[in-house]
Amino acid sequence: SVLPRMAFPSQLARLRAAVPVVLPSLLMCDFGRLGEEIARLEAAGVQGLHLDVMDGHFVPNLSYGLPLVETFRRLTKLPLDVHLMIDNPGAYVDRYRSAGADSMTVHVEAADDIRPVLEQIRRSGAGVGLALNPPTPLSAIEPALGMVDLVLVMSVMPGFGGQTFDPVALEKLSALRAKLGDRVLLELDGGIKASNIGQCTAAGAQLLVVGSAIFGTPDYAASAKNLTHLAQNKASN
Ligand code: DX5
Ligand code: ZN
């Protein structure tokens, strides 16, 4: 059974108080002008950043790692929600925490038993996140639900931005919401757009990760604000 939620780690409490929150996914941004990119997002009022770390093994793409997380930490005070799409995540938990990760999300598919890694993240002081891919059933994360602060439901196969939203994620969100109440933050990642974000929050998504629907547009601030408005609108009625 899932333990009653005592208190969220401080890093996630702020995000939780503001839900539904749009989290820009830093994968398709201009890495040559990172300071300006982050300043634009902060000016747009975003409440946190989703950092997509990919190792070229767990996913068929390689993005960035520790040096960049350290750079993001230097550039902003916003919560850094680090999505570790990597093999053997346990070997890196402490280093990503030292680099500045406020929360770390690992994939249930990355280990036979992911619970020891979740325990390591808890001990590091970071918020504890567990992700599952579209083909992975909820039963796979059941044994770990009492250990996490957030569940990241993937609506695309991890590895790339700009993919098409897989609605199987909405069924998982609704089932998790019904099961967990608000003891765990629900995060959704992949293919979220203005056209579907209302459905996502209606299904229970509280943290909405958005990449191309922000970074693929000329005006990040306008896109982020519009998406946030749509998310909050749907959540309210
Ligand atoms: C995919 C990443 C997602 C992705 C989101 O592996 O985890 O965060 O970058 O990008 P869009 O919103 O374009 O699907
Ligand atoms: Zn992600």
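In the residue classes used here, Ala, Val, Leu, Ile, Met, Phe, Trp, Tyr, Cys and Pro count as nonpolar, Asp, Glu, Lys and Arg as charged, and the others, Gly among them, as polar. By that scheme the shell around ligand 1 has eight nonpolar, 10 polar and two charged residues.

The model is predicted: local features need pLDDT of at least 70 and side-chain atom pairs count only at pLDDT 80 or more, while totals for chains, interfaces and linings use all residues. Residues are numbered from 1 along each chain as its sequence is written, chains are lettered from A and ligands numbered from 1 in the order in which they are written, and side-chain values use heavy atoms, with hydrogens and water left out.

The ligand is the place to begin. A residue is near a molecule if one of its heavy atoms lies within 4 Å of it. Ligand 1 is surrounded by 20 residues, and the closest are Asp52, Gly159, Asp189, Gly211 and Ser212. Helices (H or I, at least four residues) and strands (E, at least two) are DSSP runs, numbered from the N terminus. Three strands, β2 (49–54), β3 (80–85) and β8 (207–210), each supply at least two residues of the shell. The largest share, three residues, comes from β2.

Polar contacts are pairs of N or O atoms within 3.5 Å; within protein, one must be able to donate a hydrogen and the other to accept it, and residues adjacent in sequence count only if both atoms are side-chain atoms. Which parts of the protein approach oxygen atoms of ligand 1? A polar side-chain atom of serine 25 lies 3.0 Å from an oxygen atom of the ligand. The backbone takes part at glycine 162, where an N or O atom lies 2.8 Å from a ligand oxygen, and at glycine 211, where a polar backbone atom is 2.7 Å from an oxygen of ligand 1. Taken alone, ligand 1 exposes 380 Å², and the protein buries 100% of that. These accessible areas come from the Shrake-Rupley method with a 1.4 Å probe; for residues, only the protein chains shown count as cover.

Ligand 1 sits in the largest cavity. A cavity is defined on a 1 Å grid over the protein atoms alone, as a set of points where a 1.4 Å probe fits but cannot get out. A molecule sits in one if more than half of its atoms lie within 2 Å of its grid points.

For single residues, buried means under 20% relative accessible area, exposed over 50%, and partly exposed in between (1.4 Å probe, protein chains only). Serine 212, one of the closest residues to the ligand, is found in helix α8 (residues 212–215). Its relative accessible area is 19%, so serine 212 is buried. Valine 210 has its place in strand β8 and is buried, with a relative accessible area of 0%. Valine 210 and valine 22 are 188 residues apart in sequence and 6.8 Å apart in space, C-alpha to C-alpha.

Strand β1 holds valine 21, which is buried at a relative accessible area of 3%. Proline 20 is found in the loop between α1 (10–18) and β1 (21–26). A cis peptide bond joins valine 19 and proline 20, with omega about 0 degrees.

Strand β4 (residues 103–107) contains serine 103. Because its relative accessibility is 2%, serine 103 counts as buried. The side chain of serine 103 makes a polar contact with the side chain of aspartate 81, at 3.1 Å. Aspartate 102 is found in the loop between α4 (93–99) and β4, and its 14% relative accessibility makes it count as buried. The aspartate 102 side chain reaches the backbone nitrogen of leucine 80 at 2.8 Å.

Finally, asparagine 88 is found in the loop between β3 and α4, and has a positive phi of about 50 degrees although it is not a glycine.

Conventions: On a 1 Å grid over the protein atoms alone, a cavity is a set of points where a 1.4 Å probe fits but cannot get out, and a pocket is an open set with protein on both sides within 12 Å along at least five of seven lines; lining residues have an atom within 4 Å of a point.
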